[in-house]
Amino acid sequence: MAVDSNLSSPLGPPACDKDAKALRFIEEMTRNADAVQERVLAEILSRNAETEYVKRFKLDGATDRETFKTKIPVITYDDVQPEIQRIANGDRSPILSAHPISEFLTSSGTSAGERKLMPTIKEELDRRQLLYSLLMPVMNLYVPGLDKGKGLYFLFVKSETRTPSGLLARPVLTSYYKSEHFKTRPYDPYNVYTSPNEAILCPDSFQSMYTQMLCGLIERNQVLRLGAVFASGLLRAIRFLQLNWVELAHDIRTGTLNSKITDPKLKNHMKHFIKPDPELASFVIQECSNENWEGIITRIWPNTKYLDVIVTGAMAQYIPTLNYYSGGLPLACTMYASSECYFGLNLNPMCKPSEVSYTIMPNMAYFEFLPHESGSTRIVDLADVEVGKEYELVITTYAGLYRYRVGDILRVTGFHNSAPQFHFVRRKNVLLSIDSDKTDESELQRAVENASKLLVELNTSVVEYTSYADTETIPGHYVIYWELLTKADSANSSNLPSHDVLNQCCLEMEGSLNSVYRQCRVADHSIGPLEIRVVKSGTFEELMDYAISRGASINQYKVPRCVNFTPIMELLNSRVVSVHFSQDLPHWTPERRR
Ligand code: AMP
């Protein structure tokens, strides 16, 4: 897309020429949101006119919105899953996209317990890169001097697998970090990381984190911003420091590298980088041995101006902990993206987390909005959404998803030029989330059912349950409250499930949860062992009484399957009779079950 160099930048004075160009691009896209959208749809439909999917709906070469909307249905993943499976199995005919599917991006959203596979094409990398290239020019409007130091970002690749036909299937960030776009990115003084590529690309999460932390400590005075993709990731890094500072300080003192770092590329890089620095080692020991870790981030990295982490949506639960460790540094949520498509960016990144709005960039895909719970079912275009209303996002991508429901609920907060800005409200059907896991009500129900089978021969059943995402510990973990009933004829205490059996129930539940949960537990260590808290009989009745006393209708009362309201938590916790944890890791491998 050509940029009109005569446009000024109403967003603010750019920090450099490159930024000026990026800001002009944002202006141009947002001023012409509707026209850009029309063009994007026409491009997608004309290039994919001969695909099996588009032909099935008899568009006959039409590329206008009217025909598109009358003929192509709004779908979910399950509707397009058969086509996706055929591509995964090796059908190279143009099923969804005229451009060859280059790989699958594995979403953290699941279908039948496995990550959804999102088709992508080579040129999508350029589109993602383009969105990334807009982030620093916007940030530079608010935070001056970011070219005078570095960013300490904890970035990781995750395991990848291949579909039956040999196409790669991996998370979108893994795909991006392994791309030439990232690995051979040109030097940009506003975007220098302390983490070397060798560390980011190391597949072993311990070695990767260890060296990223080591480099961040060595260059502590240069660090101007600290980040990870999600808040949970940054807190995991802090926890890692708590557990490993003695070894890190040893390496800094001696100028040697921990023997646990065995990756040859990493070792080779670090050999040239690490030098003995006893003074820094003493500093690390002094700070980290202090019992009180409040404000540790600003003590170790005193020049940090902000934390760059997503704290919108499910990640909002981590804001108090981040504030504790950082002494209340600003939290910047810069972008909104998914495996299906990158959506947009926050044009006011230093605002309070509760005020974050993302501006969807109209060049990324064709966007539609399904009114959410307002009675209306009329799907509207990007430029036609109304301030204050909530919508579910529906996308049509260059890679071949047509009118696909992403599952995110967004509320319109305003406009930048003619482009709407959205508050991320929530993802549909997510009950529990600690890291990238998303557990819905039916998954939790199935897990409880499977685990409670272990109680059958003890004549015991789970009569009620609810859950809670406990993020007070790092990593956080799922807590499931169980009320048990042991049949009267066998109600002697010896028949009550033993501690061992209930521990086993915890593991059984974990084994029944989706593959993203199990990967977080096994490979990423970003979720701790699942906990079952058995509560006294009658507790859930008390819960209902409490809800009714607060105005709930007795006829319509349903047990909440997830709780986080303090009085309810206090009630539940005061009735706990025993506590049990998973003693092992659930089964997980990178291979998909289907
Ligand atoms: P994935 O399917 O793993 O690519 O995850 C994409 C999903 O993560 C999106 O559809 C959102 O639900 C969530 N997400 C991504 N970016 C943000 C953000 N900035 N704020 C809140 N949620 C986000």
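The model is predicted. Helix α10 is largely enclosed by the rest of the structure, because 11 of its 14 residues are buried. The structure holds 20 aromatic pairs. Around the ligand there are 15 residues, and S107, S108, T312, S339 and D408 come nearest.

**Helix α10**

- Helix α10 runs over residues 205–218, and its 14 residues should span 20 Å at 1.5 Å a residue. The C-alpha atoms at its ends are 20 Å apart, which agrees with that expectation.
- The buried residues of α10 are Q207, S208, M209, Y210, T211, Q212, M213, L214, C215, G216 and L217.

**Aromatic pairs and cluster**

- A pair of aromatic rings is described by the distance of the centres and the angle of the planes.
- Among the 20 aromatic pairs of the structure is that of Y53 and F57, which is edge-to-face, with 5.2 Å from centre to centre and 65° between the planes.
- Y53 has a relative accessibility of 3% and so counts as buried. F57, at 21%, counts as partly exposed, because buried means under 20% relative accessible area.
- Y478 and Y517 form a tilted pair, because their ring centres are 4.8 Å apart and their planes stand at 50°.
- Y478 belongs to strand β18 (residues 477–486) and Y517 to helix α18 (residues 515–524), so this pair ties together parts that are 39 residues apart in sequence.
- Y478 counts as buried, at 0% relative accessibility. Y517 is buried too, with a relative accessible area of 0%.
- One aromatic cluster is formed by Y132, Y176, Y177, F182 and Y342.

**Charges over rings**

- R127 lies over the face of Y398, 3.5 Å from the centre of the ring.
- R220 places its charged end over the ring of F283, at 3.6 Å from the ring centre.

**Ligand surroundings**

- T312 has a polar side-chain atom 2.6 Å from a nitrogen atom of the ligand.
- In the side chain of S339, an N or O atom is 2.6 Å from an oxygen atom of the ligand.
- R427 also has a side-chain N or O atom by the ligand, 3.0 Å from a ligand oxygen atom.
- S339 sits in the loop between β9 (335–337) and β10 (342–345). With a relative accessible area of 10%, S339 is buried.
- Leaving aside residues up to four places away in sequence, S339 touches L105, T106, S107, M118 and V172. One of these, S107, is also among the residues that come nearest to the ligand.

**Loop residue M350**

- M350 is placed in the loop between β10 and β11 (358–360).
- M350 has a relative accessibility of 25% and counts as partly exposed.
- Residues up to four places away in sequence aside, M350 touches M139, Y142, V143, K305, Y306, P330 and A332.
- From M350 to R128 the separation is 222 residues in sequence and 22 Å in space, taken C-alpha to C-alpha.

Terms used
Residues numbered from 1 in each chain as written. Predicted model: local features only at pLDDT ≥ 70, side-chain atom pairs only at ≥ 80, totals over all residues. Heavy atoms only, no water. Helix = DSSP H or I, 4+ residues; strand = E, 2+ residues; numbered from the N terminus. Expected span 1.5 Å × (residues − 1). Buried < 20%, exposed > 50% of the residue type's maximum accessible area, 1.4 Å probe, protein only. Phe/Tyr/Trp six-rings, centres within 6.5 Å; stacked < 30°, edge-to-face > 60°. Lys NZ or Arg CZ within 6 Å of the ring centre and 35° of its normal. Contact = heavy atoms within 4.5 Å. Near = heavy atom within 4 Å. Polar contact = N/O pair within 3.5 Å; in protein donor to acceptor, adjacent residues only side chain to side chain.
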